[in-house]
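Dear colleague,

Please find it below, followed by an account of what was found in it.

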Amino acid sequence: MKEKRRVKELYHKPLIVHRNGKVFLIQDHDPYGHLAQKLTDFADMIKIPEGVSTFELSSYALWSAAAKGYNAKNLCSFLKDNACNTLDSTLESMILQNMRQYNSLKLFRHGKYLALQAVRPEIILEILKDKPLEKKVVKKINDCTLLFNASEKVELKKQLFKKEFFAIDSTNEMGKELDINLLNITRRGQEFKLRDYQIQAARAFLDNKDKAGGGGIVIMPPRSGKTFVGFEIIGNLKLNTLIITENHSSATSWKEEVLDKTDLAEESILLYNSNQQGLEPITITTYPYLSANSEAFEHLAAQEWGLIIYDDAHKLPAKKNMATADIPSKYKLALAATLARSDEQGTLVYALIGPKWYEILPQTLRGLGYLSNIDCAEVKVPLSEKAKEEYTYIEMNGNDHKALRKVAAENDKKKEALVHLIKPQKRTAIASYYKELAKQIGQDYQIDYVTGEINPKIRLNLVEKFNTEEINCLVFTLVGEQFNLQNLDVLIAISYQGGSAREEYLRLGKLMEVNKKGTNGWFFSIISTETLEESDYKGRRRSLINYGYRFKILELKDLEEGEIIS
Ligand SMILES: Nc1ncnc2c1ncn2[C@@H]1O[C@H](COP(=O)(O)OP(=O)(O)OP(=O)(O)O)[C@@H](O)[C@H]1O
């Protein structure tokens, strides 16, 4: 009895703060997720599975917090008030040290050079201890200032970041004025109003932007309206803007939205895909286009932008995209659903662009009714006799994993599960990594399919037909990832790009927007048991569980026995 009381007392508060900076949140103590949301102000969300969420007081998150106006003493008091353990003194000094970093280093132009100025000579001495940084120095002009070649900016920021130094980039240009206003009634004639959290996100950027050289990050889940946060910021800054997106489809959709929801004339908005074009006050382009066309890149980089919006900013740390961070602009906004990357370089965005000014968690938006609740299920089916024979043959003769994954993907038995899951009254999308499989399902069940082989115009037309509810079911491959499928009830995955957690999150993202009926979304993944596909899927399932989703495991007989989708 005494022991029980002791344990209860031990966990009578919501947080456990580890000396290495990990913060564990016991969700039972935070039923509405307010504390989890608060933690995003100064920590990075690592995972939020049911039960206990994990956050990390990383150096960049603490630097961001200091930039937002938090002080180390208040932050430590907050942690102490909410933690059931005693705060380790080494952690307290780590917090203090990291927060002191804010405003201690500045980058600015010095003639044709880049100057890095520290508030104390010891910081410069520390920097010079790092060989790669020391090698880049052109000249030391005094105890607190080093000069570098201007072309080294991105590399310099990258290396400073590696060593956990954060420099405020004050090299930014002025930009040109732009007369632009958001419309309350869109050009398509609909009422338009920003949601409260979108206004907060834009305010967080606008209020803080000048504290760290004009750059900053906003993190919001898929389908939460990051585009509109971007508009609110453009509408307030009223400066010429370059928008860089992940692909052509998303660039087109930015253009359509700017046209629909602002008073800017169509000729002032440009989809930039040829360096022969003149630039417009709002120019939209893509990372792949810029990385493949150095002339176009140079052309854009020679302008004085007022604002650059990096959409899907998790793409920025990719080697081929990183140079885009060097395009000069007065302000820079990075928009992302997550900074997670398989190479773990996502947080480099802090160094390249600036602090995290705002983050809202998916669970907060689900609680507010802006994102739908999604039921996830893994449907396990055995290999058919034919597939089993093929699978075993490959295993015994070279064990080619690519070939094994394909056999598992094309397992005939999956179709038995599929017929139970496609309901005429439910709006359903079927996702397949393998295009032949997508085509075959489409042909076997007379469902329209969107694959890379289909003419882009026809693809767009099929998506439009789906979104206007002329058709209720669609099969898509990787090319379909870029399209927004509206008012979806069910997503069924039938084949996979190995263990890609990103593909999993993008697929799930298609169900996140609340459907017209306000019912839960259903996400089914059909998996061939005792194959590589099954082991790949474990990691994918884990990644969604870490975002707070719950999984049911179903077998064929469960589908045969009863109605799974209500
Ligand atoms: N303020 C709003 N008013 C009306 N609809 C909204 C609003 N905000 C978001 N939406 C809806 O959410 C959808 C998603 O918006 P948007 O494409 O900007 O999200 P996103 O966060 O960029 O998503 P993704 O990460 O998938 O690109 C919009 O098409 C719209 O239907």
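K238 is found in the loop between α10 and β11 (241–245); helices (H or I, at least four residues) and strands (E, at least two) are DSSP runs, numbered from the N terminus. The model is a predicted one, in which local features need pLDDT of at least 70, side-chain atom pairs count only at pLDDT 80 or more, and totals for chains, interfaces and linings use all residues. Residue numbers start from 1 along each chain as its sequence is written.

Although K238 is not a glycine, it has a positive phi of about 50°. Most residues other than glycine have a negative phi. K238 counts as partly exposed because it has 17 C-beta neighbours inside 10 Å. Here a residue is buried if 20 or more other C-beta atoms lie within 10 Å of its own, exposed if 12 or fewer, and partly exposed in between, with C-beta atoms placed from the backbone.

N487 is not a glycine either, and its phi is positive, at about 55°. With 14 C-beta neighbours inside 10 Å, N487 counts as partly exposed.

Turning to the helices, α9 (residues 196–208) has 13 residues, which at 1.5 Å a residue should span 18 Å; the end C-alpha atoms are 18 Å apart, in agreement. The expected span is 1.5 Å times one less than the number of residues. In α9, Q198, A201, A202 and F205 are the buried residues. Viewed down the axis of α9, these fall within an arc of 90°, so they line one face of the helix; the arc is that of the directions from the helix axis to the C-beta atoms. D196 and D207, on the other side of α9, are exposed. The buried residues of α9 pack against β10 (215–219), α10 (226–237), β15 (329–336) and β16 (356–359), contact being defined as C-beta atoms, placed from the backbone, within 7 Å.

Helices α4 (residues 72–82) and α5 (residues 89–100) have axes that come within 9 Å and cross at roughly 145°. Axes are lines fitted to C-alpha atoms, for helices over the stretch in contact, and angles run from 0 to 180 degrees between N-to-C directions. In this contact, A72, L75 and C76 of α4 meet E92, I95, L96 and M99 of α5.

Finally, R120 is found in the loop between β6 (113–118) and α6 (121–128). R120 has 13 C-beta neighbours inside 10 Å and therefore counts as partly exposed.

Key
Contact = placed C-beta atoms within 7 Å.
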